[in-house]
Amino acid sequence: MRLDEYIEELEPDEAAERRRLADEKSYEILDYVEGLESRFESAVTGDSMVGSTAPSVFVGRSSYPNVNAGILAPVGREEHAEEFATSGNWYAQGLDIDNVLQYRTGLLNSRRSAKVAVDDVWDGFVGIQREVAIADRPVDIEIGLSETPSFDAERYATPQANAPAGPNATAESADLRENPHVPRAVEKTLEDDDWRAEGAMTYLYRRGFDVYEINRILSVGALGLQENRRLVPTRWSITAVDDTIGQFLRGSIRSNRSVDQVRVFENEYMGNRYWVVLAPGQWEFELVEMKSPGSIWNPDPAGDVYLASASEGYEGRTGYVDETAGAYYAARLGVLEYLDRIGRQGKALVLREVSDDYWAPVGVWQVRESVRNAFDDAPTGRRDGRDALAGESGVAETFHTAVRQIIPHLPISMATLRRKSDLVAGLQTDLSAFG
């Protein structure tokens, strides 16, 4: 499909409007919280919770190296516990911001202060937390609380700072009500005390574990050399896993043949729009973010579009990305997974437009899944080098042509993009790219 025809079919659905939650301030989430409080009151007797099913864990980062080690469990919907864990299923189900916040606020974070050095700790509260994290399904537990969970309605009504999360309560104790089921591959990484965390992560990924599962396992210090095993704050572990798996995939594709066409892929989710341009050449990657006035990290509706970018060449990066933070590694992973799947390499430009419909942050998982699924209808490719069937992506003659045709659909000009983007700026110095 020619790129101009492809783009015409990708105009935003005006009928959807995504409910304009930021403007209307129709936070149905507050009504949900009222019902949630009632469920907690019936489930919590005094300072103890009679039992729940925990699908996930959380490790805080304040006061590091002393952190809050938490077990996350829904209250009143234990039979649906698995649905509360962040995963690609949220995208597959088409959850909107309201849905995600309902899942997030529905989780009680029962936590205790803990030292990050865990070595071979498998008893007490931290031990139970680690058991929950390495299991491949939600675990039935019983938690004793030292305080009654409290709700702060104002925190739910002002998501500009942080996405609403469920209530916290200090845990006195935690006990398993069943033997968690741990996959054999995870047991192998636990048993090998001389296996560096990076190698263990890629081992699990190659055996079908998604980054969400690997993140939980890394976060509770269940990977790496025995003497180095530490609780890793959840926010850090998410980026660490995306980066580690991304580096592994980059190493896998760098000896592959280049893609032979310039293709453009597009996706839109939760008020974020993504354009991915793949072009022939050696591996290069760049993410450019355009945050519209009135959006979550650019709240002034009368301000300018906020731009952020980060890039890497054939050899990758040596330092952490500051401007785009975790979104960079999440987007890069989606591109690398696709290139690995089709057995090719190339240069990739990801353009992310954050509109004012993105009224509450839901996490970098939506970046990861949006880029992953931008390739849904794309060529599947074959590792034997034979041509694959073409999917629904736009084809352009040159990288320059592709960017030029996308520009009218972005909130910035070509001149502005060129000043911010290394890849786009490079077009001016490489005349051969014009064809």
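Arg332 is buried, at 1% relative accessibility. Buried here means under 20% relative accessible area, exposed means over 50%, and partly exposed is in between, with a 1.4 Å probe and protein chains only. Before I go on: this is a predicted model, in which local features need pLDDT of at least 70 and side-chain atom pairs count only at pLDDT 80 or more, while totals for chains, interfaces and linings use all residues. Residues are numbered from 1 along each chain as its sequence is written, and side-chain values use heavy atoms, with hydrogens and water left out.

Back to Arg332. Which residues form a salt bridge with Arg332? One is Asp243, with the closest N and O atoms 2.7 Å apart. That pair links distant parts of the chain, since Arg332 sits in helix α12 (residues 326–342) and Asp243 in helix α11 (residues 234–253), 89 residues apart. Asp243 is partly exposed, with a relative accessible area of 21%. Another is Glu312, where the closest N and O atoms are 2.8 Å apart. Glu312 lies in strand β12 (residues 306–312) and Arg332 in helix α12, so this pair ties together parts that are 20 residues apart in sequence. Both Glu312 and Arg332 are buried. Salt bridges that share partners also join Asp210, Glu337, Glu369 and Arg372 into one network.

Two terms need their cut-offs. A salt bridge is a side-chain nitrogen of Lys or Arg within 4 Å of a carboxyl oxygen of Asp or Glu. Helices (H or I, at least four residues) and strands (E, at least two) are DSSP runs, numbered from the N terminus.

How many salt bridges does the structure hold? There are 16. One of them joins the side chains of Arg137 and Asp136, at 3.2 Å from N to O. Arg137 is partly exposed at 47% relative accessible area, and Asp136 is partly exposed at 32%. As background, side chains of opposite charge can pair when their charged atoms come close.

Next, the sheet. Six strands form an open sheet with mixed pairing, in the order β12-β11-β14-β10-β9-β15. The edge strands are β12 and β15 (394–396), each of which pairs on one side only. Neighbouring strands of this sheet are turned by 15° against each other on average, direction ignored. For such angles, axes are lines fitted to C-alpha atoms, for helices over the stretch in contact, and angles run from 0 to 180 degrees between N-to-C directions. Two strands pair if DSSP finds at least two bridges between them.

Within that sheet, look at β10. Why is strand β10 (residues 272–279) described as largely enclosed by the rest of the structure? Because eight of its eight residues are buried. Asn272, Tyr274, Val276 and Leu278 point one way from β10, while Arg273, Trp275, Val277 and Ala279 point the other way.

On one side is strand β9 (residues 262–269), which pairs with β10 in the antiparallel sense over seven bridges. Glu268 stands opposite Arg273 of β10. The hairpin of β9 and β10 has two residues between the strands, and in it Met270 takes a positive phi near 55°. Strand β14 (residues 347–354) also runs antiparallel to β10, joined by eight bridges. There, Leu278 stands opposite Ala348, and the bridge partner of Asn272 is Val354. Helix α14 (residues 399–406) lies across β9, β10, β14 and β15, and runs at about 165° to β10.

Now some buried places elsewhere. Helix α6 (residues 124–134) is mostly covered, with 10 of its 11 residues buried. Among them are Phe125, Gln129, Arg130 and Glu131.

Leu107 is found in strand β5 (residues 107–115), and it is buried, with a relative accessible area of 8%. Not counting residues up to four places away in sequence, Leu107 touches residues including Pro55, Leu72, Phe84 and Pro167. Contact means heavy atoms within 4.5 Å.

Last, Gln345 in strand β13 (residues 344–345). Gln345 is buried, with a relative accessible area of 6%. A polar atom of the Gln345 side chain lies 2.9 Å from the backbone oxygen of Asn256. Leaving aside its neighbours within four places in sequence, Gln345 is in contact with residues including Ile253, Trp283, Tyr314 and Leu339.

Definitions and conventions:
Polar contact = N/O pair within 3.5 Å; in protein donor to acceptor, adjacent residues only side chain to side chain.
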